[in-house]
Amino acid sequence: MLAGTMAAQAQDVVVWGGFPELADYYERVAEGMRDDYPDLNVIVEPIGLRDHEKRVALGLSSGLDDATVLELIGSTANRYIVNDLLPPAPSHIADFVNDGANFEPFFRDTATVDGAVYGLPLFRGQGALFYNTDMLAEAGLDGPPSTMEEYDAYAAKLTQRDGDGTPTVSGWSLRLSGGGAGIAEKFWINMHQHGGAVLDRVGDKYRAGYASDAGLATLRQYVNAVSGDKTVTVDMPADAAAFQRGQTAMFIRESWVIGDTGKKAPDLNYDTALLPRGSIALPVNLYVSGGSDEAQEAAWAFAIEANKPENLIWMLDNVGWLPNRVGVDYSEVIAAKPQFSAFVDLPEDYDLFTLPSIEPINEILTRFAATLTEAFADPSLAGDDAAMMALLESAAEETNAILDRAGILAE
């Protein structure tokens, strides 16, 4: 047991997560605490990410009765930290996080605000290309695409159509619809490959960066895929489920797809590849709020237990999320599942970025996502760069107004 913790008796600790596939992992972590905490009752309550975010917002604003372990992306947690709705971690947790033998600076920084540690890093969402090797071979394609131009060319060759020319299997499944900020995050990943960012940082302030050549190139690629080359439609099955059912040949997603595919489509022949320039990496941390002092100690002990090497290796092998802790030997899992290589064997010039830890980040992305959703479904934009740039400039005005309201708009 970590120094500074003590056994809790007849205590409830609630675990709120936004990734339901981690439920068994958290149950495993709780079971590992039985000897030191025989009377501890860990209640694992994972729900979908967007509902989880709403639950956290309501719970923290109204106060939590039980000690609650909160699974949050660092940029999301920041809005609660700056409003004093999440307490700092105790000193022994801060020491664990600040130990360079446990976490690299990238992950320590996302758990820290103004020099104080608030969360304990756990795993990250990091993107790579998933592609169906059988479909590529049938299309006469040798290996995955390596440039954004090749992505378009591959998509055109890989798309399967009915007699009327309507796509029945998309060549490249893009995130075109759905709720929340995820659409803008996926757009940002593609925009990164074109050399740009949704938000540009200037010192400690920001401004919209997508009304630019890179933003236009990215939007053009989406619109052309839907309304130009017609390699995908807004209504087609998408994401991991479509990939696993053979309804798309390629898509960009996080490493959890490896664990999910092993369960749902174990015979699928597929591989992964690095993205052309780099990927988003969204570190997820564990935070604690609510309950008595004793219950909070037990909750932080749960967060430490979750970071034990044997539990992290189990998570990688059985769920597929990438643990953030260094100094753990993951080689056996990676050797058995080589699809992980595109997530961990990164060249030195491969650029990982994350969302800015600013209070209005979710509002900015959600509003931009609404604009993008309409644009993707608008065939009149196809081939009309001026109309697409006008749309991006209008959306950028809204983004900059939000930044200005928050006092962090760069001139």
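Phe-187 lies in helix H8, residues 182-193; helices (H or I, at least four residues) and strands (E, at least two) are DSSP runs, numbered from the N terminus. The model is predicted, so local features need pLDDT of at least 70 and side-chain atom pairs count only at pLDDT 80 or more, while totals for chains, interfaces and linings use all residues. Residues are numbered from 1 along each chain as its sequence is written, and side-chain values use heavy atoms, with hydrogens and water left out.

Phe-187 counts as buried because its relative accessibility is 0%. Here buried means under 20% relative accessible area, exposed means over 50%, and partly exposed lies in between (1.4 Å probe, protein chains only). Along the chain, Phe-187 and Tyr-222 are 35 residues apart, and their C-alpha atoms are separated by 8.9 Å.

Asp-66 is found in the loop between helix H2 (49-62) and strand S3 (67-73). With a relative accessible area of 36%, Asp-66 is partly exposed. In S3, by contrast, seven of seven residues are buried. From this strand, Ala-67, Val-69, Glu-71 and Ile-73 point one way, and Thr-68, Leu-70 and Leu-72 point the other way.

S3 also has pairing partners, where two strands pair if DSSP finds at least two bridges between them. Strand S1 (residues 11-17) pairs with S3 in the parallel sense over four bridges, and Leu-70 in S3 is the bridge partner of Trp-16. Strand S13 (residues 278-289) runs antiparallel to S3, and six bridges join the two. In S13, Leu-286 is the bridge partner of Glu-71.
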